[in-house]
Amino acid sequence: MLTELLREMGFEPSPGRPERPRVAASACLLGQPVRYDGGHKYHAGVANTLAARVTLVPLCPETAIGLPVPRPPIQVVLVGEAQCVRGLATPNDDFSDALAEYADSLAPALDGMVLKSRSPSCGFGTTPLHNESGAEVGVTSGAFAARLHARLPALPLCNDSDLDGEGALASFLLQVHCHHHWRQGRSLADLRQRTQHLARDLRQPLQRYLQRFS
């Protein structure tokens, strides 16, 4: 299904355009033992299905800013009107700025990112938000994910938990290829026309995504 769908949208690689879209992925989803507990969260849909169609770029914001493996857990805390990423046992350790700066340091030559859901650095709209007493009061995005989205609003982002269905994976891949098409300086007009031939459950999300470039 995925191969036929990408071909229908004109994303089939050709000898003149052999390069693939570049998609960053939380390194733990690829089996790298970088989590706070020394483990990983291997995701076959990312490591196998997605990797067969894009160039994956593994990264871990928490280790990138110098945190060790294993490490004490961190969490997102609402302090007044600000959200801070602080140590669970050491609330004076604030990693918010370091994670935001790492997001700012990433080269723009990416076409998407798959993020670990609920992570205080990487979660995208799925991360638990706590008050200063430690009680969970809502959900938010991790500091790295929030800054990356603010900096590159057209970059497709999703959580690993968003990719559990084939339709969701197809929708993300279409957005990634559209971003790659745009990043190469090519017109999006033909892509908007081709979306008319997609099934409704794919057409509507992709048309909404393409509005980001209007």
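This is a predicted model: local features need pLDDT of at least 70, side-chain atom pairs count only at pLDDT 80 or more; totals for chains, interfaces and linings use all residues.

Colleague: How many helices and strands does the chain have, and what is its radius of gyration?
Modeller: The chain has eight helices and eight strands. Its C-alpha atoms fill a box of roughly 55 × 35 × 30 Å along the principal axes. The globule rule gives 17 Å for 214 residues, and the chain comes close to this value, so it is as compact as a globular protein of that length; its radius of gyration is 18 Å.

Colleague: What percentage of the contacts between residues at least 6 apart in sequence join residues at least 24 apart?
Modeller: Of the 214 residues in the chain, 45% count as buried. Among contacts between residues at least 6 apart in sequence, the share that joins residues at least 24 apart is 65%.

Colleague: Which element gives the largest share of the largest nonpolar core?
Modeller: This core has 35 residues, and Val-23, Leu-50, Val-114, Phe-172, Leu-174 and Leu-206 touch the most other members. Two or more residues come from each of helix H1 (2-8), strand E1 (22-26), helix H2 (44-50), helix H6 (166-183) and helix H8 (200-210). The largest share, seven residues, comes from H6.

Colleague: How many residues does the second, separate core have?
Modeller: Among the members of this second core are Leu-67, Val-76, Leu-115 and Cys-122. In soluble globular proteins, nonpolar side chains tend to be buried together. The second core is separate, and its residues number 23.

Colleague: How many disulfides does the count come to?
Modeller: A disulfide requires two cysteine sulfur atoms within 2.5 Å. The nearest cysteine sulfur to Cys-28, which is buried at 6% relative accessibility, is that of Cys-60, 6.9 Å away. For Cys-178, the closest cysteine sulfur is in Cys-158 at 15 Å, too far for a bond. The count of disulfides is zero.

Colleague: Why do the buried residues of helix H4 lie on the same side, and what arc do they cover?
Modeller: The buried residues of H4 (residues 96-105) are Ser-96, Leu-99, Ala-100, Tyr-102 and Ala-103. An α-helix has 3.6 residues a turn, so residues three or four places apart point the same way.

Colleague: Is Val-139 buried or exposed, and what distance separates its C-alpha atom from that of Gly-125?
Modeller: Val-139 lies in strand E7 (residues 136-140) and counts as exposed, since its relative accessibility is 55%. Apart from neighbours within four places in sequence, Val-139 is in contact with Gly-125, Thr-126, Thr-127 and Leu-129. Val-139 and Gly-125 are 14 residues apart along the chain, and the separation of their C-alpha atoms is 6.4 Å.

Note on methods:
Residues are numbered from 1 along each chain as its sequence is written. Side-chain values use heavy atoms; hydrogens and water are left out. Buried means under 20% relative accessible area, exposed over 50%, partly exposed in between (1.4 Å probe, protein chains only). Helices (H or I, at least four residues) and strands (E, at least two) are DSSP runs, numbered from the N terminus. Contact means heavy atoms within 4.5 Å. A nonpolar core is a set of buried Ala, Val, Leu, Ile, Met, Phe, Trp, Tyr and Cys residues joined through side-chain atoms within 4.5 Å. The radius of gyration is taken over C-alpha atoms; the globule rule is 2.2 Å times the number of residues to the power 0.38.
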